[in-house]
Amino acid sequence: MTNSKLEVLTPHNCQIIFIDQQPQMAFGVQSMDRQALKNNTVGLAKAAKVFNIPTIITTVETQSFSGHTYPELLDVFPGLDILERTSMNSWDDQKVRDALAANGKKKVVVSGLWTEVCNNSFALCAMLEGGYEIYMVADASGGTSKEAHDYAMQRMIQAGVVPVTWQQVLLEWQRDWAHKETYDAVMQIVKEHSGAYGMGVDYAYTMVHKAAPRTTTEHTTLAPVPAKQ
């Protein structure tokens, strides 16, 4: 018997859904630093764009409560329809089910707010009723407390959800640095969104390989001048 969860994520076997990455939902997140959460979410979105991953963005109660999806996330996917709904569970909206089916991939990568509500209910229903495999991006999702996030992740894992992190997904899609068609774009995402790893890449490029600094403006470094004693 084969286990499809042993298959690594590839650009050809999965789709991704961003659930309720909206400001009012982010205001309630206490499970991790909210700026880091937004950074990770946008980095994941850029990775999905580089690898042409079929992408869905859903929102809930935009006008009455939650506000608009992060502009940095929307700008990664110009022209992509946003699937608005009323239910806290994206699976309850037929547009979402239709979009998932149209993408034709049973592996679904999920980034959303909040972990214990919208992510949890979608994951359980999509597995039970839709036969999907769910890969929950733990550090591009957030809950109203660390306990809320952690216990929701545990509940989903017990039900069969696969926990992942955003950079893990990025590098799993890349898989081999010999894939030069995506190498430069992946490195750009790493430099912008991967913290210390990105700083190390910048350092290696400029100090070891003597590449130009990654700036969009020119600067002159003035030599040291000892002050008069």
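This report describes the overall build of a predicted model and its largest pocket.

## Basis of the model

Numbering starts from 1 along each chain as its sequence is written, and side-chain values use heavy atoms, with hydrogens and water left out.

## Overall architecture

The chain contains 10 helices and 6 strands (DSSP runs numbered from the N terminus: H or I of at least four residues for helices, E of at least two for strands). Along the principal axes, its C-alpha atoms fill a box of roughly 75 × 45 × 35 Å.

Of the 229 residues, 45% are buried (under 20% relative accessible area, 1.4 Å probe, protein chains only). Among contacts (heavy atoms within 4.5 Å) with a separation of 6 or more, 78% join residues 24 or more positions apart. Carbon and sulfur atoms hold 57% of the accessible surface of about 12300 Å² (Shrake-Rupley method, 1.4 Å probe).

## The largest pocket

A pocket is an open set of points on a 1 Å grid over the protein atoms alone, where a 1.4 Å probe fits, with protein on both sides within 12 Å along at least five of seven lines. The largest one has a volume of about 170 Å³, the volume being the space filled by probe spheres set on the points.

Its lining (residues with an atom within 4 Å of a point) comprises 14 residues, with Pro11, Phe51, Trp173, His179 and Glu181 nearest the centre. Helices H8 (166-174) and H9 (180-193) each give two or more residues to this lining; H8 supplies the largest share, 3 residues. By class, the lining has 6 nonpolar, 5 polar and 3 charged residues.

Conventions: This is a predicted model: local features need pLDDT of at least 70, side-chain atom pairs count only at pLDDT 80 or more; totals for chains, interfaces and linings use all residues. Ala, Val, Leu, Ile, Met, Phe, Trp, Tyr, Cys and Pro count as nonpolar, Asp, Glu, Lys and Arg as charged, and the others, Gly among them, as polar. Buried means under 20% relative accessible area, exposed over 50%, partly exposed in between (1.4 Å probe, protein chains only).
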